[in-house]
Structures are given as C-alpha cells and as structure tokens.
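Reader: I'm new to this one and would like a close look at a single part. Could you pick a strand and walk me through its surroundings?

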Amino acid sequence: MIETGERTVSVSRFVRATLGAVLLSACAAAPPAPTPTVERVWPVPPDPPRVAYVKNLTGPEAGVKKKGFFARLFELVVGKDEAAAPRMIRPFGVFVGDSGDLLITDTGLQVVHRFDLDGGGYRQVFKMSGGRRLLSPTGVTEDRDGTLYVADSQLNRVVVFDRAGRFQREFVSDDDAVRISGIAYHPGRDLLYVSDAGGHRILMYARDGRKVGAFGQRGPEGGSFNFPTHLAVDRAGRLYVTDAMNFRVQVLEADGAWVRSIGQLGETLGSFSKPKGVGLDRRGHVYIVDGLYDTVQIFTADGDLLLNFGSAGTTEGAFWLPTGVAVDDQDRIYVADTYNARVQVFRLLDATMPKEPAADAAAVVGTPRGEP
C-alpha cells in the first residue's frame, strides 16, 4: 500500500492504472523516426569489410536473457532494483573453451566472470577455502572436463575451481615461480602451461598440480623470454607466448622448441609497442593486442600481417589499454577493453581474409596513449 496523505491506494491498482496510461499514451503518440545506425567495420570502405563491431559486455546483464515488453515497462514505472550485481572494473584475461562459456578475469573486482551467452547464465567465481578469495586473477583456462584454472599474479598460485565455481585446490609453490601471469591448457598432452613473468620462463603442470617441466630463460634469442605473459594453444598443439619486453609473440612446439616469432619493437603495423593478449581462431589466424596503440592485429599462422582493427578512444570499437583477446568457434572476437571497463565483441565477417599481407604494413599504427 502507498500512503498519499489523504487516502491509502493499493499498489497493484496504482501500477495497473499507470501502466494503462503509459500504454494509451504510447498508442496515441506518433511512432518515432528511426535512428540511423552506423555499422563499425574494418577495414574502412572501399575495402571489403572483414571485422565488424557487435556489442559491449559490461556486467552480469549480458548473461541474462532479454526481458519481455511488459517486464521492461514495469521497470520503467516502478524502477529497477538498485542493488544490482557489480559491473566489470578491470577485465584482463579472456578465454572461450569447448563449453562455449566466456570466461573473463577481472583484476579490479577480483573475480572471474563466467557468461553463458547462448543459454543466458552468469556466475562470479572467486571464493577459496578458509574465507580467502582471488586477489589478482590474470589468466584463465579450462580443461576437457570443464575444470577452471585461474592464474592469480598476487597470490602467485594457480587456483582450481569445478564447473560450478566451487574451490578445489591450488598449486605452484613459492620455489616454482617469481610471479605468474598467464595460463593455457594443452588437450593433446593433458597438461597446463603457466607463464612465470618474473622468472622469464614457462612452467608445465599436470592437472593435479604436479610440476612436470619448465623451459626458457631470460634473453632475446628464440626460446628465451623477457617477461612472458599471455598464453594460448592452437589446434595443432603449438604454444603461443606473449614475450612482452622482447616485443613479440613466440610460437613454440609443445616441448618448448622455438618455431618462429611474430613482430618486433616498432611503431608500424606488424610490430608492437606493448604486446598483450594473444588469441587464435579455428582457421589458424593469430590475434595480438597492442595495449599502447589500442589495436588488435591479425596475422596468418606464418606470421604475415593481414589487418588490424580498433583505435584509441571510449566509443564503440575503440580501446583504452586493452589486454586479453579470444575467438570462439562462431567467429566472435572478444577483447578485454581494460580501462573502458568492458569486453567488446566483434565478428569476423570474411574468414578468407586478404589473400596478400596488408599493403599498408608500413603505416604508423596510431598515437600511443599514456598510462592512466
């Protein structure tokens, strides 16, 4: 009931009357003129579009199925619940596994966001045993059984959760690593790769947490690293390592043998100033984020530049210090737009890509943005 000062009015009667008034006014009003939309595609015309912007993910509402007309109208009249779930603060790592769920580490909110974009579900994963929680989750992956593995750089541990988000165990001892960063699962060998950024090497673990090997040391040579961070494994079982301060992504065999390097320090397309996330699509294209130039560059499996998309800014399709990237089997590209507090979704429109490497590979990427 609502107290009006003169009489008491039934809430249900009030809502029904208000809804009726809104519906009548909506019917009487002239339909609004359609708002023109501008499709954001890359490259820009007259070149044929290859990548298109789709939408932003900023919070749990992205994992909830769209509400019906009357539910939205009711919210318009009586207001939304102000105690909504927290939104993304600093999305960092992105992963899409065989389950089809989108996994996003958030170093600001200190959680892993788990979205079921097709089924309409959402969950936060962060609780550990003894009242503890994740502190700085940077990397995330899942194995063939749907078990979740989270690399937490502040805990310096890999934290394991089951598919429902329940804590299972943790591993990586203080003697193993200086400061871990990324993680990737190799289904063929049934093992986990963990990047030790502070120790300049890659660690290998069985799924039960047993350390089974390591490779790499600090240096500029192929197979050596200078702060390795993000990791990814392709369908052929090769490992891709963002070798951050060597300004490249290294491609390695499963045992750590060097295959090739992609990129080098520079200000032109095909080179990097701050390489971040690395992702792979089902056709073997390699997606590499440059956090300083706020762009994503796409390469062939052999390391030839195809194109790039994104630029510095806060509008749709623009980035502010992006980090992680992942591509699902439906050609949707997910980019952690970290300081814009969102994950942006793009779609690969033409999977054939240009038949030749980008003609403007000598072009300057853009204007670098300073750290926030």
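Author: Let's take strand 14, which is covered on both faces: Leu191, Tyr193 and Ser195 on one side are buried, and so are Leu192, Val194 and Asp196 on the other. Buried here means under 20% relative accessible area, with exposed over 50% and partly exposed in between, using a 1.4 Å probe and protein chains only. Strands are DSSP runs of E, at least two residues long, numbered from the N terminus. Before going on, note that this is a predicted model, where local features need pLDDT of at least 70, side-chain atom pairs count only at pLDDT 80 or more, and totals for chains, interfaces and linings use all residues. Residues are numbered from 1 along each chain as its sequence is written, and side-chain values use heavy atoms, leaving out hydrogens and water.

Back to our strand. Since 6 of the 6 residues of strand 14 (residues 191–196) are buried, it is largely enclosed by the rest of the structure.

Now for the neighbours. Two strands count as paired if DSSP finds at least two bridges between them. Strands of a sheet pair through backbone hydrogen bonds, either parallel or antiparallel. On one hand there's strand 13 (residues 180–186), which pairs with strand 14 in the antiparallel sense over 5 bridges. Across that pairing, tyrosine 193 in strand 14 has alanine 184 opposite. The hairpin of strand 13 and strand 14 has 4 residues between the strands, and aspartate 190 there takes a positive phi near 55°.

On the other hand there's strand 15 (residues 201–206), antiparallel to strand 14 and joined to it by 6 bridges. Here arginine 201 in strand 15 stands opposite aspartate 196. The hairpin of strand 14 and strand 15 also has 4 residues between the strands, and in this one histidine 200 takes a positive phi near 60°.

What about cores? A nonpolar core is a set of buried Ala, Val, Leu, Ile, Met, Phe, Trp, Tyr and Cys residues joined through side-chain atoms within 4.5 Å. The largest one has 17 residues, and Val51, Tyr287, Phe309, Ile333, Val335 and Phe346 are those with the most contacts inside it. Strand 24 (305–309) is one of the strands that each supply at least two residues of this core, and its 3 residues are the largest share.
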